[in-house]
Amino acid sequence: MPYFWGYMNAFRRQSDTCSRVCQYLASIAVLLLCGTTYAGEVSVDPPDNGIDVLQDSTLDVDSRSSETSVAAAELIDPAPAREYMGPLADAVTDAEGLAEPLEILGAEIAPGTSQRLSWSATELFEGVPVSTPVLVANGSAPGPTVCLTAAVHGDELNGIEIVRRVFHDIDPKKLSGALIGVPIVNVQGFRRGSRYLPDRRDLNRYFPGNPYGSAAARIAHSLFNEVIFKCDALIDLHTGSFERANLPQIRADLRNPDVVTLTHGFGAMVVLHSKPTIGTLRYAATIVGIPAVTVEAGGPSQLELAEVKHGVKGVETLLNTLGMTRRMRLWGDPEPVYYRSSWVRADNGGILLSDVSLGSTVRKGDVLGSITDPMSNARSELRSPYSGRIIGMARNQVVMPGFAAFHVGIETDEISASEQEIDVVKKSADGGYVDGMSE
Ligand SMILES: [Zn+2]
């Protein structure tokens, strides 16, 4: 059996939770050794000015993204890379033996059945538990356990609908492996239409969590231990944030071969190389050996049908590629992989109007949009410093200087991600646009 799923299945069959807990504890020890405060003990919340998963270079000290932990992340490598041995479909269909009951959240899900469970991570102030659904489909044949999480940011609605549609289409009797879905992770934020928890903390900076930490750290710890440890692979569904929308895309650490393997399964979806930021669910899962990607689709606070369909198709194609389902058709040629990206920022304040749309192909020097001062009527243009594609952009709005308006996926020859990172740092030192490697 190829190494990737063999490794994963060994976990599941033998000492599933124990092995992962050991890795988890080891990873915390590494973090402590690095002098890094970890989830829940972050002394200062990241600035909330912006972009869901934008990550700037460490040299960009005015970092306008919410991803300010890059310096800390530099200290820690993700899980050790394992050699990629073969096509995923072959790996999974080689799964041996009979499907086993899946134990999760105190329930036992028999092979060939599905069940809706409930996960409670915290309580309201009056002691009433806050619970959120967990959907489980345990296939009648053996295979990997794939997890879908959505609304870690409570105002990101597209992922909730993606999870619903994927589960609606699954017949556990025809499934190999298991599918676990948490459609609304941040239920408190969701109820208030907010990205954050009630204390303004960003839950996606607190994984894998801490049972004695802040509310965010405790919720993260509960999800991680009760659900995420059951997963062999994780897809965390997000959208852009704060009036910004993303072209449906996979954000993945392409230095990790298992993660690369996962990205191959999605079919026609843009892939953006991005080192995971410490504290994100993607980061925490990967560091304990669960390959994880973030799927970004659309913007917050809306249900966008085209983006939802795109996400569903990507996930269903993945399940098919993994050999977990048979009936769904595979999805076309893969989209390009972007090893680099850059946010183009406003140099003036005013009214931002776009000349491009999500997915537009642009050439260096092309006008992306204009900013007009509503008082003086002075108008300036935003031009693309690179040839590439618009993979994220702000909706038309009033902006301040420095506002990140257009995210350009940059066309490059396929060279190693690590070489590109060096290039990114050099560029930022030159005072040019800083590449926004996301999440
Ligand atoms: Zn998000």
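Strands here are DSSP runs of E, at least two residues, and helices are runs of H or I, at least four residues, numbered from the N terminus.

What you see above is a predicted model, where local features need pLDDT of at least 70, side-chain atom pairs count only at pLDDT 80 or more, and totals for chains, interfaces and linings use all residues. Residues are numbered from 1 along each chain as its sequence is written.

Let's go to strand 7, residues 233–238. How many of its 6 residues are buried? The count is 6 of the 6, so strand 7 is largely enclosed by the rest of the structure. In a regular strand the side chains alternate between the two faces of the sheet. Here Ala233, Ile235 and Leu237 are buried on one side, and Leu234, Asp236 and His238 are buried on the other.

Who are the neighbours? Two strands pair if DSSP finds at least two bridges between them. Strand 5 (residues 141–150) runs parallel to strand 7, joined by 5 bridges, and Val146 stands opposite Ala233. Strand 10 (residues 292–298) is also parallel to strand 7, again with 5 bridges, and there Leu237 has Val295 as its bridge partner.

Now the core. By a nonpolar core I mean a set of buried Ala, Val, Leu, Ile, Met, Phe, Trp, Tyr and Cys residues joined through C-beta atoms within 7 Å. The largest one has 103 residues, and Ile228 and Ala405 touch the most other members. Helix 7 (residues 215–226) gives the most to this core, with 6 residues. The core also draws at least three residues from each of domain 1 (3–321) and domain 2 (340–411), with bounds from an automatic or database domain assignment.

Leaving aside neighbours within four places in sequence, Ile228 is in contact (C-beta atoms, placed from the backbone, within 7 Å) with Cys147, Leu223, Leu234, Ala285 and Ile290.

Helix 8, residues 257–264, has 6 of 8 residues buried, so helix 8 is largely enclosed too. Among them are Val259, Val260 and Leu262.

Last stop: an open, antiparallel sheet of 4 strands, in the order 16-15-13-18. Its edges are strand 16 (379–383) and strand 18 (397–399), each pairing on one side only. Strand 15 (residues 367–372) meets strand 16 through 5 bridges, with Val367 partnered by Arg383.

Conventions:
Buried ≥ 20, exposed ≤ 12 C-beta atoms within 10 Å, placed from the backbone. Contact = placed C-beta atoms within 7 Å.
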